[in-house]
Amino acid sequence: MTIKRYMQSLLLMLMVSTTAVGEILPEEESYLAGVPKPEQVLGWPVGEWHARPEQITRYFEQLAENSSRASLEVIGQTHEQRPLIHLMITSPENQARLEQLRQNHLAGEGPLVVWLGYSIHGNEASGSNAAMLTAYHLIAGEAQWVKDLLDEAVIIIDPMFNPDGLGRFASWANMHRGQQPAGDRIHRAHWEAWPAGRFNHYWFDMNRDWLPATQPESVARLTQFHRWLPNILGDFHEQGSDAGYFFQPGVSQRKNPLTPDENVELTTELAKYHGRALDAIGQRYYSRETFDDFYYGKGSTYPDINGSIGILYEQPSTRGHKVDSINGEFTFTDAVRNHYATSISTLQGAYAIKDRLVDYQSRFYADSLQRASSSRGQAWVFADDGDPATAATLVELMTLHQIDVYPLGENMTANGINFSAGNAWVVPIRQRQAALIEAMFEQRTEFADNTFYDVSAWTLPKAFNLPFARVNSVPDRGDNPAEPSNLFTPQANASAYIFNRHNLAGAALAMQLLNEDVRVYRAGNSNVNSTASSLIHPGDFVVPVLRGEDRGKIEQQLAAQAQRWQVPVQPVISGFNTAGVDLGSPSIQALRAVKPLMIVGRGVVPMEAGHIWHLVDRRLGLPLPMLDVNAQAVFNLDDYTHLLIPDADPKAIPKEWYPLIKGWVSRGGVLVVQKRSSLWAQAIFSERPEKLKESVSEDDRIAGLIEKISKNKDTSYKDLGRQPYAQYQADAADRILGGAIFAGQLDLTHPLAQGYSREDLPVFLNSITRLEPSKNAYSTPLVLASSEPVAGFASEYTNQELDGRPVMVADRVGEGLVIKFAFNPNFRAFWRGTEKLYVNALVNATIIQATQLPTD
């Protein structure tokens, strides 16, 4: 049977089929008896229950064991130690020479490669369940179209982009399924418990991590992506229950300008197959609205900057087993059927235009090189800025994305920045990944359309806060930096030991030592200026060996932790420093052990909580207990040094906690808040106006402020007057700051800025938080140098709202401290430049002195 005839018969079958599970697959086709059907392994037909990750894995193992068309690869593991699996499907003859086919494909001579990836958001589970039917059809199908496809193509089935989130959601959905599934919107199944199954273990949105690659799932996936470089990558999602089925091309004017127009043309050609398949089963759909392809960190866009065709599929969600939508009853089986239908249509369409797809991919890289050859400059150079570990992390990320990077071998100056051999890196522009390099380094501020589904800027060196410049010739290659041969050597006559002020791992080392009861100090600013020859610089960590202390034990602890965190530790022989401060300087202040507590639960943004958890747990090595906003247990904040509140609805924090938190701060606690939680803190710590009527209680005053700031709106912006109804969407988008980079200006003398060497600090903002200026002139370590972004889009409205407002305030309250961020300094664990501010809020809070000037 030809592809065309099969498509016609499939559509005819789907027209007359019901939603019964057994009728999802084409009944007129024959299937190999030796290949197990999903229900034979699961124990029920697909769609009747939500399959758990281990059940899906077991089924795919059975397929590989029972068919010469399939082989199973484990490409990595999740945080929760679940395997990340790929089922490689092709003809038996191709299976025997799979590696040779892969190499041929990368050379532009091999087979068509299609990657179907499902459910990167774990609570969009219909994709992972549909993957089982798709795999079965390809492996067991006896139709000629299946054989023809597998003779000329390799199909990669990635059934679970996010197994940890999928497992969390499967348990939730199944625990609420009755014998008669309920579709009522108020049914508890449709209201997931916090943090929901969308996210991975650390509550990261995995569909934003293709570019940052901070999570193990992403690293494994990107490694496999570049091993195979598929011609098409299908990315299967769900959206609101009342929506139609969406498939790309999406909003054409909102695609990234680095994506070739031919990409959209090919996507549109494939869309014809999806439309016919969904027409046949009576599913409403749309294809040119709502979603865009701008940010290259998503599953449907990252392929576009790598010569592939990424396709987003979004369908209505049941968020359980059944939902009553405005379009009628919609079951999980219906959802599985939809994604199965478009999986098949993707394969059908890809096979029909396979020659165009292969040719497009080959020309993409040739065209990218040609564009790079005519571009301004031949290389990018970035310096380590005194922090080689951070620069090495950026190099590692670029290498993961198949970008050639090498050490600078000559001293040079570009754009007013000095780059030193051995302390800088070179990225030649004219290489295979020229298009991706352009996307990573560009600082675009003008756009064809000002509406963005996600962020509008992500310049990598700015994210890492590293100086960079474009140069007109490719500099000489230097030697790779040598690994330190010995991180710590004890000295019998050492008065102290010091370690790096720049490195995040240095802060982690300091906190580990503090938790082991080792005395750790940090050098601050002094009227004794440090020079390049000084032993101790502001921000350095100092571990003194005091009289009466157990030197051997301290040195043993230093050696162990230095090795763990890979931080070089240097001895200081004498307390007297001829160039800089002495060891006993009052500017070298004692730190205290850090024991943080984080508030979580409904009303708190899971992703931002996850970013903090990931930082504290993975990068600093500290346990982070979490207190749910609905907790009924009695707790004692005095057991903790820091209370961390991520972005949250101000109303989510229980009123009963207000006096507890205020009293704890006044006794010396450190409250660290961000975005809307900063506004909450701004309200509860505000002073009562003298003119306020006595009849207004303090509780009512605070409640009024919370009500106002929970909306986080400002009505001072000019009245638009009468506008066309159709203008609403554009005007609403104008009020949204989707994500742009702004120039921050640091006060380098402030303890929260220790470890930074430049006042300029790129700040990433993706919301407007209206922080009020501090009444203390010395309490604002970070402001914006300008309310206009240096990369990305911000409207006139945004510029006006940000103008003159601080983005970070640290106010003393009694013996304690309240640190307010107007942004997420740990954004997606990717914005490494501002991450250090949050680390300083943990480790340096107690050395911030009271700075209130005396009054007359």
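With the side chain of which residue does the side chain of Asp293 make a polar contact, and at what distance?

Mentor: The partner is Gln248, and the contact between the two side chains spans 2.9 Å. A polar contact is a pair of N or O atoms within 3.5 Å; within protein, one must be able to donate a hydrogen and the other to accept it, and residues adjacent in sequence count only if both atoms are side-chain atoms.

First, some ground rules. This is a predicted model, in which local features need pLDDT of at least 70 and side-chain atom pairs count only at pLDDT 80 or more, while totals for chains, interfaces and linings use all residues. Residues are numbered from 1 along each chain as its sequence is written, and side-chain values use heavy atoms, with hydrogens and water left out.

Now place Asp293. It sits in the loop between strand E7 (285-286) and strand E8 (309-316). Those labels are DSSP runs numbered from the N terminus: helices are H or I with at least four residues, strands are E with at least two. Is Asp293 buried or exposed? It counts as buried because its relative accessibility is 8%. Buried means under 20% relative accessible area, exposed over 50%, and partly exposed in between (1.4 Å probe, protein chains only).

What does Asp293 touch? Leaving aside residues up to four places away in sequence, its contacts are Gln248, Arg254, Lys255, Asn256, Ser300, Thr301, Asp304 and Gly310. Contact here means heavy atoms within 4.5 Å. By C-alpha atoms, Asp293 is 32 Å from Asp151, a residue 142 places away along the chain.

Gln248, Lys255, Asp304 and Gly310 are with it in the lining of the second largest cavity. The space amounts to about 80 Å³. On a 1 Å grid over the protein atoms alone, a cavity is a set of points where a 1.4 Å probe fits but cannot get out; lining residues have an atom within 4 Å of a point. Grid points are joined across faces, edges and corners, and a volume is the space filled by probe spheres set on the points. Helix H10 (residues 261-280) gives the most to this lining, with three residues. By type, the lining holds three nonpolar, six polar and three charged residues. Ala, Val, Leu, Ile, Met, Phe, Trp, Tyr, Cys and Pro count as nonpolar; Asp, Glu, Lys and Arg count as charged; the others, Gly among them, count as polar.

Follow Gly310 next. It lies in E8 and is the bridge partner of Leu233 there. Strand E5 (residues 232-239) pairs with E8 in the parallel sense, over eight bridges. Two strands pair if DSSP finds at least two bridges between them. On E8 there is also strand E6 (residues 245-247), which runs antiparallel and is joined by two bridges. Phe247 stands opposite Tyr313 of E8. E8 itself is mostly covered, with eight of its eight residues buried.

Compare another loop residue. Gln433 lies between strand E15 (424-428) and helix H14 (434-441). Gln433 is buried, with a relative accessible area of 3%. A polar atom of its side chain is 2.9 Å from the backbone oxygen of His401. Beyond residues up to four places away, Gln433 touches His226, Asn306, Tyr365, His401, Gln402 and Ile403.

Step back to the other spaces. The whole structure has eight cavities of 30 Å³ or more.

Last, look at a hairpin. Strand E1 (residues 70-77) and strand E2 (residues 83-89) pair antiparallel over seven bridges. Ser71 faces Met88 in E2. Five residues lie between the two strands, and Gln81 in the turn has a positive phi of about 65°.

Terms used
On a 1 Å grid over the protein atoms alone, a cavity is a set of points where a 1.4 Å probe fits but cannot get out, and a pocket is an open set with protein on both sides within 12 Å along at least five of seven lines; lining residues have an atom within 4 Å of a point.
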